[in-house]
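Trainee: I would like to go through this protein with you. Could we take it by question and answer?

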Amino acid sequence: MSMRRKTEEKIFSYLEQYHMICPHDHIVLGVSGGADSVCLLIVLWEYAKRTPLTLSAVHVNHGIRPDAARDAGYVEALCGKYEIPFYLIKTDVREFAEREKCSEEDAGRRIRYEAFRRIAKETGANKIAVAHNCNDRAETMLFHLFRGSGLKGLCGIRPLRQEIIRPLLCLERTEIEEYLTERQINWCKDSTNDTDEYARNRIRHHILPYVERELVPGCVGRMTNTAELLTETEEYMGQQTWAARERCVKETEEKVERKALSTIDYEPAKADMEYKYEISVERFREFHPALQKRLIHLLAEELSPTGKDISAVHIREVMSLFEERGNRKVDLPMGIYAARSYGTVFLGKNREYVRKPLGIYADKRRIMEEEVLHADLGEEGMLELKVLSGDQYEEVPRNEYTKWFDYDKIEKPICIRYRETGDFLSIADGNGQLIHKSLKKYMITEKIPREERDKIPLLTDGCHVLWIIGGRISEYYKIDGNTKHILQVQLRKSRSGGKTEDENE
């Protein structure tokens, strides 16, 4: 059997196994011009010969790469050859990332799916097909595993989710390229995939190839089988979580009145809250801890505007309300809070909460490409960030207003913000080792007044605090002789707020 026939039959079988496509479906295809998306277009065009379908293709130009126009032209020509309607969406990912306070990678993904859904609505399409493959799924599984993900994250990418279908999730990347090569169909190559800038690329270029070559040949296929088993387990646990929700959660939109939670000492500024969920402590305790944690995570995610930001440390904070007697309250990211009053835990959101980044939320690419980034801290002054060569190691500044950090150790987009639950910094334990210390405990140890703690700006890498601006830095990010790139962060105090850095020097 030829590679072409074998590949097509494998995908057709996968489509039917998961009931991805029905006769007369109208499917919007996300086509970047890379091998995966070109294969997706060709294979679904072939499948339309046996099942009546309507296909439309959407190409998103992110406005980042200089060769993006070439890719768009190639996809448009390819669609013309196969008589598939072509839609080009031009956007500015960097501007979107800055406005929405997210990484460029996340911004690109959000823009693409918004474009696919918009064209689907305009054309009357009922499905959206994207071109993830087995390798993408394995890379996602590892990425989530390294970050400490739960069961849902370990499932990796799913074959279908709502109107999104992924017909190529049964193929490895080599199979896709062999299929196109046999059919003598070219594809575009995205230069950003060749770099190790993104964590996923490092997994793709180094970790998986090493495992495949040195440890477990065929590891991608084996991980795909594991992902399928985990997905079945996740679906079952999801059903049980919703059953637990029906048993112990009451949903409401009422405003929290002081008479309802009069035993909890709220600060006046935070009294104006709404709670969405009332959880019965007695009924909640009937369930296994695994279901309890899933239920809290489900409710907290529904309150989060991004559906993210809730980590294991936040879940533990809420769990403590059910385990310990007494009425108290815990604050979570994005203005979400949980409070216990007698036999009920209330979960809700501060009505007037506004997320408080202070001017910069930038991924490493943007920091590297721009000469200087600025953040206005108001009365605190102006913060400047730029990347230097590690060759300057011996010139480490010795003043409180300029700090150097090992740029290559930074993993997530840099953010300047105020504190949130789960924040920590690394400190030396006196024995040559580094330990994580929660920011809350650090501030208590340093006797920082409670009323001042929410006013101190932080430079952060996710929940890891690089610098309590004007104070301590995290030991983990200190530079040494192996540092290749230095992130210089300089606080220039305004004259109204005191001396400038130069005057202090």
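Mentor: We will go from the whole chain to single residues.

Mentor: This is a predicted model, where local features need pLDDT of at least 70, side-chain atom pairs count only at pLDDT 80 or more, and totals for chains, interfaces and linings use all residues. Residues are numbered from 1 along each chain as its sequence is written, and side-chain values use heavy atoms, with hydrogens and water left out.

Trainee: How many helices and strands does the protein have?

Mentor: Helices (H or I, at least four residues) and strands (E, at least two) are DSSP runs, numbered from the N terminus. By that rule the protein has 17 helices and 21 strands.

Trainee: What percentage of the residues count as buried?

Mentor: Buried means under 20% relative accessible area, exposed over 50%, and partly exposed in between (1.4 Å probe, protein chains only). The protein has 505 residues, and the buried share is 47%.

Trainee: Of the contacts with a separation of 6 or more, what share comes from residues 24 or more positions apart?

Mentor: Contact means heavy atoms within 4.5 Å. Take the contacts with a separation of 6 or more; residues 24 or more positions apart account for 70%.

Trainee: Are α1 and α2 roughly parallel or roughly perpendicular?

Mentor: Axes are lines fitted to C-alpha atoms, for helices over the stretch in contact, and angles run from 0 to 180 degrees between N-to-C directions. Under 35 degrees is roughly parallel, over 145 roughly antiparallel, 65 to 115 roughly perpendicular, and the rest oblique. The axes of α1 (residues 3-17) and α2 (residues 35-47) come within 11 Å and cross at roughly 75 degrees. So the two helices are roughly perpendicular.

Trainee: How many nonpolar, polar and charged residues make the contact of α1 with α2?

Mentor: On α1 the residues are Arg-4, Glu-8, Ile-11, Phe-12, Leu-15 and Glu-16; on α2 they are Val-43, Leu-44, Glu-46 and Tyr-47. Ala, Val, Leu, Ile, Met, Phe, Trp, Tyr, Cys and Pro count as nonpolar, Asp, Glu, Lys and Arg as charged, and the others, Gly among them, as polar. The contact has 6 nonpolar, no polar and 4 charged residues.

Trainee: Is His-59 buried or exposed?

Mentor: His-59 sits in strand β2 (residues 54-61). Beyond its neighbours within four places in sequence, its contacts include Val-31, Asp-71, Phe-86 and Ile-89. At 4% relative accessibility, His-59 is buried.

Trainee: How many salt bridges are there?

Mentor: Side chains of opposite charge can pair when their charged atoms come close. The rule asks for a side-chain nitrogen of Lys or Arg within 4 Å of a carboxyl oxygen of Asp or Glu. The count is 31.

Trainee: About how many helical turns separate Glu-122 and Arg-118?

Mentor: Their side chains meet in a salt bridge at 3.9 Å, N to O. Glu-122 is exposed at 55%, and Arg-118 is partly exposed at 34%. They are 4 residues apart in helix α5 (residues 104-123), so the separation is about one turn.

Trainee: Which helices does the salt bridge of Asp-136 with Arg-173 tie together?

Mentor: The closest N and O atoms of Asp-136 and Arg-173 are 3.0 Å apart. The two residues are 37 apart in sequence, so the pair ties together helix α6 (residues 134-146) and helix α8 (residues 173-182).

Trainee: Where is Tyr-342?

Mentor: Tyr-342 has a positive phi of about 55 degrees although it is not a glycine. At 58% relative accessibility, it counts as exposed. Its place is the loop between β10 (336-341) and β11 (344-350).

Trainee: What is the C-alpha to C-alpha distance of Gly-470 and Tyr-401?

Mentor: Gly-470 lies in the loop between β20 (464-468) and β21 (485-492). It is partly exposed, at 45%. Gly-470 and Tyr-401 are 69 residues apart in sequence, and in space 6.7 Å.
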